[in-house]
Amino acid sequence: MFERFTRGARAAVKGAVAQAERAGADSVTEEHLLLALLEQEGGRTSFAVTALGLHDRRASLDAAFAEARRRGGLTRADTDALADIGIDIGAIVSRVEGAHGEGALAAGRTGRRWWSGHRPFTPGAKTVLENSLRVALGRGDRFIGEEHLLLALTAKPGVVADVLAEHGATYAAVPRALYGSDADGGQGHAKAG
């Protein structure tokens, strides 16, 4: 599959590893993939990210991801569903942090180093990479570019897709920003998932 990745997509994957290293994370997550895409310059994805206003709201994105990590990786939908049955995640997080310190529920930050020096990709990040192939094939593309990674991130339910949607970058909005009025690319639009 990686032989189909464009230079930009490969740079995004390498950038995600660098993001994980800078964050001191044990593994590369979907969040790291998105942050690497946000740092890329000069491509279709960079233009789309700017058009969607994500560059201007980077601090807001970072805060939303920090809050999701604080909740132990629960999405807002998860939190709302639990609230509907009487479980207050905010209260639980406060009690856990009161007993164990701030960020106690944040996963993936143990500081442990892998013997190989490489950080593995989480199952969610691997799914995004796999879904980027499905997105590319659905668009009729013979390559996997960083735009396919961005579309796959918006299509995979979870914290990254939720945070992107809260910032206006939904699965419907991203193709318009990437491809303009030809958002379907003349092909049947296949949703990864």
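The predictor's confidence in each residue is called pLDDT and runs from 0 to 100. The mean pLDDT of this protein is 83, and 83% of its residues reach 70 or more. Because this is a predicted model, local features need pLDDT of at least 70 and side-chain atom pairs count only at 80 or more, while totals for chains, interfaces and linings use all residues. Residues are numbered from 1 along each chain as its sequence is written, and side-chain values use heavy atoms, with hydrogens and water left out.

Helices are DSSP runs of H or I with at least four residues, numbered from the N terminus. Confidence is lowest in helix α6 (residues 89-100), at a mean of 72, and highest in helix α8 (residues 146-155), at 95. Over residues 108-116 pLDDT stays under 50, as it does over residues 186-193. Where pLDDT is low, the predicted coordinates should not be read in detail.

How do α3 and α8 pack? Helix α3 (residues 44-51) meets α8 at an angle of about 45 degrees, with their axes 8 Å apart, where axes are lines fitted to C-alpha atoms over the stretch in contact and angles run from 0 to 180 degrees between N-to-C directions. That makes α3 oblique to α8, since angles under 35 degrees count as roughly parallel, over 145 as roughly antiparallel, 65 to 115 as roughly perpendicular and the rest as oblique. The contact (heavy atoms within 4.5 Å) is made by Arg-44, Thr-45 and Val-49 of α3 and Glu-146, Glu-147 and Leu-150 of α8.

Definitions and conventions:
Helix = DSSP H or I, 4+ residues; strand = E, 2+ residues; numbered from the N terminus.
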